[in-house]
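Dear colleague,

I am passing on the structure that we talked about, and I would be glad if you could look through it with the notes below beside you.

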Amino acid sequence: MANTNNLRVVSGQAPAIVDPLTGSTNPNTAQILKVTGQGEVTVPTTLTEVQLGIQVDGKTATEVQQKTAQRSTAVVDVLQKLGAQELQTTSIQLNPVYNDSQILTGFTELNTLQFELPTARAGAAIDTAIQAGANLIQNISFTASDQALQQARLQVLSEAVKDAQAQAQAVFSTLKLTSGKIIDININSADNPSPSPLLFNPTNNAVAKIPTTPIIGSPQTIEGSVSLDIGYSPNSAATLASATDNLTVVSGQAPAIVDPLTGSTNPNTAQILKVTGQGEVTVPTTLTEVQLGIQVDGKTATEVQQKTAQRSTAVVDVLQKLGAQELQTTSIQLNPVYNDSQILTGFTELNTLQFELPTARAGAAIDTAIQAGANLIQNISFTASDQALQQARLQVLSEAVKDAQAQAQAVFSTLKLTPGKIIDININSADNPSPSPLLFNATNNAFATGTRTPLIGGTQTIEGSVSLDIAYSPNSAGTLDLALNGLQRSA
């Protein structure tokens, strides 16, 4: 994180821009690079928050209330014995039930309890609570500890500053400019994320008396950004300083535009060329992200849940043995199945797992997982490594600067104008792209037998742009030399 030990702020007036070479507070002498760095940190989740429901139907409100109270008490008792934290009642609803003729046929009550446990113990706790009387799982979400999230927020800011420095270095190096002091720092965002939700909607008694439900928490991603305004000089080549040890903020006035030939501060005498350069770099992908599904159909919810749990456990085991990274549960759904006459005919459950592997190993891993019990491939996407993407982002900025130089050269040359200093530099964008998706819709047991599935990763394209404000003079002809000697005028 930037060192601000020598930060000096003088109150009373708006800050003036400090000259990067002389330290002068004359607001008319500074050129500024504006850059925003992005930081991202992934934190493993260790806690699971669960909402369980106890739903009871009956003929009278008294009957329904008594049964709900008995079962709710039993569920609370077992959760307390299991050491559930943050245990609380979140909802109690008692409602009449009417038929199509609006005749009262009975009552239904739903009591919802919420609790938190370490993820490693959450699956067994859910099963035990359902055996005690819970019959709905309304929500599951994953979160890291408060301490881990706070550490990640600070790390994100440090990463964002380093990213801003790297971007500025790429631009300054390409333009042969000398960086000066950091004029302004703005922390844009580094908020804690919401818990990672898990889609989970089993019906009554879905998990009673079955093997422990495997639950693997998904990580949380903390993002943040920091913006820097960095002074620079076009007089000699240098590299970007990585700290703010001598950062000084002094009161003054807003800067005026400097005439590139006379040095006059009269804002009416300057002419500016505004140009935006585009950069594009293509990166080969090396990693594959896969979503596999375990889908089971059956006559009863208990039968379906038991088979799904067994097969899901087997798939998780083989994926862990294959070294799958970022392995997590992304969805668990158990739903009733009705025929055209709206008569219940059975149940279907879908458990979805997501993981990441090098592309060269991903096809074999998919085949092995399907042999173990997976029968749906819901999504496949390809991505380059974080290191390759970061290098490409910096290369994109350099390409964007060169493109802006070429455009300016074409205009100045045609108009017989003499370029002056670069007054302002703005890095507009150079973000990492989303993973490249593969259209893949395998049906049940599509790859359970046969040869290995070949997977060939595509490429990712990183785009970015840089805007330059370049002063010029219409008084004499000259050629543009943006890359050398700090944009000095040539006769």
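**What was found**

Glu326 lies in strand S14, which covers residues 325–338. The phi of Glu326 is near 55°, a positive value in a residue other than glycine, and with a relative accessible area of 44% Glu326 counts as partly exposed, because that value falls between the cut-offs of 20% and 50%.

Please keep in mind that this is a predicted model. The protein averages a pLDDT of 75, and 71% of the residues score at least 70. Over residues 198–210 the pLDDT stays under 50, and the model has 55 contacts beyond four places in sequence for them. Residues 476–491 also have a pLDDT below 50, and this stretch has 47 contacts in the model beyond near neighbours in sequence.

Gln102 is another residue other than glycine with a positive phi, in this case near 60°. Gln102 is found in the loop between strand S5 (85–98) and strand S6 (104–118), and Gln102 counts as exposed because its relative accessibility is 59%, where the cut-off is over 50%.

Helix H5 takes in residues 359–372, and its 14 residues should span 20 Å at 1.5 Å a residue, which agrees with the 20 Å between its end C-alpha atoms. Among the buried residues of H5 are Thr359, Ala362, Gly363, Ala365, Ile366 and Asp367, together with Ala369 and Ile370. After H5 comes Gly373, whose phi is positive and near 145°.

How values were computed:
Residues are numbered from 1 along each chain as its sequence is written. This is a predicted model: local features need pLDDT of at least 70, side-chain atom pairs count only at pLDDT 80 or more; totals for chains, interfaces and linings use all residues. Side-chain values use heavy atoms; hydrogens and water are left out. pLDDT is the predictor's confidence in each residue, from 0 to 100. Contact means heavy atoms within 4.5 Å. Helices (H or I, at least four residues) and strands (E, at least two) are DSSP runs, numbered from the N terminus. The expected span of a helix is 1.5 Å times one less than its number of residues. Buried means under 20% relative accessible area, exposed over 50%, partly exposed in between (1.4 Å probe, protein chains only).
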